Amino acid sequence: MLISEVRLHPIAVADAPLRSSYGRHAPYALRTIVELKTTDGITGISETYGGERPLAALEAVKDLVIGRSPWDLTGFWMKLGERGAREAAGKGDDRSQTYLVPGENPLDQHARTFAAIEVACLDIIGKAVGLPVCDLTGGRARPAPAFSAYLFYKHGGGGGMGGDARQDEYGECLDAPSMVRQCKQMIAKYGFEEIKLKGGVLDPDQEIDTIRRLRAEFGPKYPLRIDPNCAWSVETSLKVGESLVEELSGGGYLEDPTASLEGMGAVRRGLLSKGIETPLASNVATTCFEHLHPARNHDAVQVVLSDPHYWGGIRNQQHLSRFCEALGMGLSMHSNNHLGVSMMIMAHAAACCQHLSYACDTHYPWQTDQDEVVLGGRVPIVNGRVEIPDKPGLGVELDYDQLGRLAELYRKIPLRRRDDEAEMRQHVDPNWRRVLPRW
Ligand SMILES: [Mg+2]
């Protein structure tokens, strides 16, 4: 069985005006759906970053994919690694996400591209042998991986534009009481048992207040984490860490409070000197295996936030799990806006990691039925968990009517790259720039 065709579907998906230190989400998020056809008539699917650059990167590897066996993943990785090294030459060495949102750093393009193809190949193999993807890669550590309630400060609006606007399910949330309301709604609907707040938006004192109110409302049974995406100085990070020592204990963490491994290391030392052991988590400063050694050396990161979409796929996620276990580091999972195919990629990846210390992030509650590409509608999240279905491959198929509609939407809108700063300037403050640290 050989891969005979690569089909790439750039799509646009309505997205609410969520805020972070990067700025504000645009009315549409961009994704790419990948289909691989085989000589045996099997189609494998996956989902990855959207817009011009990720699409061009996938277009550029078609020659390496067509004619290859879906089992030949090591050979494909080696080929892409060679190209990646050539393409990265002269582009510096900052593979962090300090200044570039996930999906945009040219230095991890080969890992992202590989992941999109690897997952579609695993879907093919699963369908060929009649096994779910997580069972192909060694079996499950857990049958139904847990995800967390991912809370965002946001402006009013549910995404989309004009006649294509979505219902604003959660309303405007720009203070602590509205965030408690958002969390209650999300937990009532999905049953999440851990809570993550995207911070770096309001003054740190207001965000401290938000976390305290969440703790007061939900109690210590719901571990809390906050992620300001490097918006704080080392000093401010220490102040927040001290203020929230109780709230972030018992299964919580402080995520990317400040930029760089050196900065994170300084926060860690400062907290430890005050007897505070709140772990620091990162998806910004640690984005690849090469970052693990310096992260450990600086004691900068105690919880690695993986993501099969840019760490190089589901098998790399398993390798990372083993690394983190051996290095005494925790492991959790990062997310970006995504649809049901990615939901299943993340669920299979989480299911087959022996070492996974926290509920994974997911943006899934921020997308709607109207934008789902999975046949039969959205992947269910029950009691905060996604059950691996008893179906071969990823366990989901594409709804081609929906795919066509979202592809048409992509063609209609001018957006080709995520630019949260531009959205801030258009809607909030014409002079807004991302400044690090802001506080
Ligand atoms: Mg993060």
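1. A quick word on terms before anything else: I call a residue buried if 20 or more other C-beta atoms lie within 10 Å of its own, exposed if 12 or fewer, and partly exposed in between, with C-beta atoms placed from the backbone. Helices (H or I, at least four residues) and strands (E, at least two) are DSSP runs, numbered from the N terminus.

2. Keep in mind that this is a predicted model, where local features need pLDDT of at least 70 and side-chain atom pairs count only at pLDDT 80 or more, while totals for chains, interfaces and linings use all residues. Residue numbers start from 1 along each chain as its sequence is written.

3. Helix α12 (residues 340-351) is mostly covered, with 12 of its 12 residues buried. Among them are Met343, Met344, Ile345, Met346 and His348. The cover includes β4, β5, α4, α5, α11 (314-327) and β12 (330-333).

4. Now the hairpin. Strand β4 (residues 28-38) runs antiparallel to β5, and 7 bridges join them; strands count as paired if DSSP finds at least two bridges between them. Val34 stands opposite Ser46 in β5. There are 4 residues between the strands, and Gly41 takes a positive phi near 85° in this hairpin. In β5 (residues 43-49), 6 of the 7 residues are buried, so the strand is largely enclosed by the rest of the structure.

5. On to α3 (residues 73-88), where the buried residues include Phe76, Trp77, Leu80 and Gly84. They cover an arc of only 95° around the axis (taken from the directions from the helix axis to the C-beta atoms), which puts them on the same side of α3. Thr74, Gly75, Met78, Glu82, Ala85 and Arg86 are exposed on the other side. Cover for the buried residues includes α2 (62-65) and α4. Just after α3, Gly90 has a positive phi of about 80°.

6. Last, the domains. Domain 1 is 3-135 + 402-411 and domain 2 is 138-394, with bounds from an automatic or database domain assignment. Their C-alpha centres lie 22 Å apart. In all, 46 residues of domain 1 are in contact with 57 residues of domain 2, contact meaning C-beta atoms, placed from the backbone, within 7 Å. On the domain 1 side, α4 gives the most, with 10 residues.

Key. Contact = placed C-beta atoms within 7 Å.
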